[in-house]
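Here is a short tour of one model, written to be read alongside the coordinates. Please keep the viewer open as we go.

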Amino acid sequence: MSSEASNSMDLSNSNTVKNLDAAFAGESMANRKYLYFAEVASKLGFKDLSKLFKETAAQETEHAFAHFSLLHPELVVANPAALTDAQKQEIVARCLSLAIEGETYEYTTMYPNFAADAVRDRDGAAVAEFEAQAQESADHAQIFREAAHRFGLLKHVEQFHAERYTEALQELQGETPPPRAASNNLATSRWICKKCSMIYDPAEGDPDSGIAPGTPFEAIPDNWVCPICGATKKTFEPMPERAAA
């Protein structure tokens with residue numbers, strides 16, 4: 001079989017591609033877990049152990065990159081100097097397209113479904129256990145409530161990420177994306193966390209943290225923290241909104 005024929009084959013359903021995708025996910029997850037473990041170890045004074053976790057995390061990143069390059073050979077850049085500007089733009093456009101695809105899936109499908117599952121778990125399994133294990137069930141229900149709340153917040157974050165990637169792709173292709181600017185209406189303006197991109201919307205408030213819907217950001221107590229990453233109120237800034245069409 002010629003190399004041309006081999007390259008044109010549809011391998012999307014092959015076990016090897018599925019295994020590469022699973023391996024990439026596993027190595028990527030390991031990287032983030034080990035960095036988390038490194039931070040925990042560092043806080044507890046285990047500096048050598050923290051260093052070990054960080055070193056291993058870096059190695060897992062290399063493993064993940066190797067898998068991803070096999071999944072997406074069109075993104076492998078062996079010799080940047082040999083590429084034309086058009087070829088460079090095509091590769092970067094592909095990166096942005098994949099990013100948009102992932103973020104769009106997260107905010108349209110993944111997090112909405114996760115939030116719905118968390119609500120069902122709260123209303124079903126946790127309540128069913130209540131008579132036999134009252135406190136444990138209450139703890140479960142609280143976890144599910146927090147999960148549903150967080151998934152709901154992340155849906156908006158991923159939508160914002162997808163919009164940013166879309167705008168970057170438009171600029172790359174010579175288009176002018178709609179301008180963004182922070183709202184001058186303090187009562188309705190949304191604010192975004194500079195650490196994790198959580199978006200505070202006054203219309204929704206943050207009921208799980210005691211902030212009622214309709215509460216402007218400026219009226220939130222100073223000791224309020226980001227419900228996703230725990231950053232302080234000072235970490236937020238006015239969110240640049242798309243101009244109305």
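A polar contact is a pair of N or O atoms within 3.5 Å; within protein, one atom must be able to donate a hydrogen and the other to accept it, and residues adjacent in sequence count only if both atoms are side-chain atoms. This is a predicted model, in which local features need pLDDT of at least 70 and side-chain atom pairs count only at pLDDT 80 or more, while totals for chains, interfaces and linings use all residues. Residues are numbered from 1 along each chain as its sequence is written, and side-chain values use heavy atoms, with hydrogens and water left out.

**A serine in a loop**

Let us begin with Ser-189, found in the loop between β1 (180-182) and β2 (191-193). Helices (H or I, at least four residues) and strands (E, at least two) are DSSP runs, numbered from the N terminus. The Ser-189 side chain makes a polar contact with the side chain of Trp-191, at 3.4 Å. Why does Ser-189 count as buried? Because its relative accessibility is 5%, and buried means under 20% relative accessible area, exposed over 50%, partly exposed in between (1.4 Å probe, protein chains only). Not counting residues up to four places away in sequence, Ser-189 touches Ser-183 and Pro-202; contact here means heavy atoms within 4.5 Å.

**Cysteines without disulfides**

How many disulfides does the structure hold? The number is zero, a disulfide being a pair of cysteine sulfur atoms within 2.5 Å. Two cysteines show how their sulfurs are placed:

| Cysteine, in no disulfide | Nearest cysteine sulfur | Distance |
|---|---|---|
| Cys-193 | Cys-229 | 3.8 Å |
| Cys-196 | Cys-226 | 3.6 Å |

Cys-193 counts as buried, because its relative accessibility is 3%.

**The nonpolar core**

A nonpolar core is a set of buried Ala, Val, Leu, Ile, Met, Phe, Trp, Tyr and Cys residues joined through side-chain atoms within 4.5 Å. The largest one has 18 residues, and Met-198, Tyr-200, Cys-226, Ile-228 and Phe-236 have the most contacts inside it. At least two residues of this core come from each of α4 (85-129), α5 (134-172) and β2; α5 gives the most, with three. Leaving aside neighbours within four places in sequence, Ile-228 is in contact with Arg-150, Leu-153, Leu-154, Val-157, Cys-196 and Met-198.

**Helix α2**

Finally, α2 covers residues 15-43. Its buried residues are Leu-20, Glu-27, Ala-30, Asn-31, Ala-38 and Ala-41, and they pack against α3 (47-71). Just after α2, Gly-45 has a positive phi of about 90°.

Terms used:
Expected span 1.5 Å × (residues − 1).
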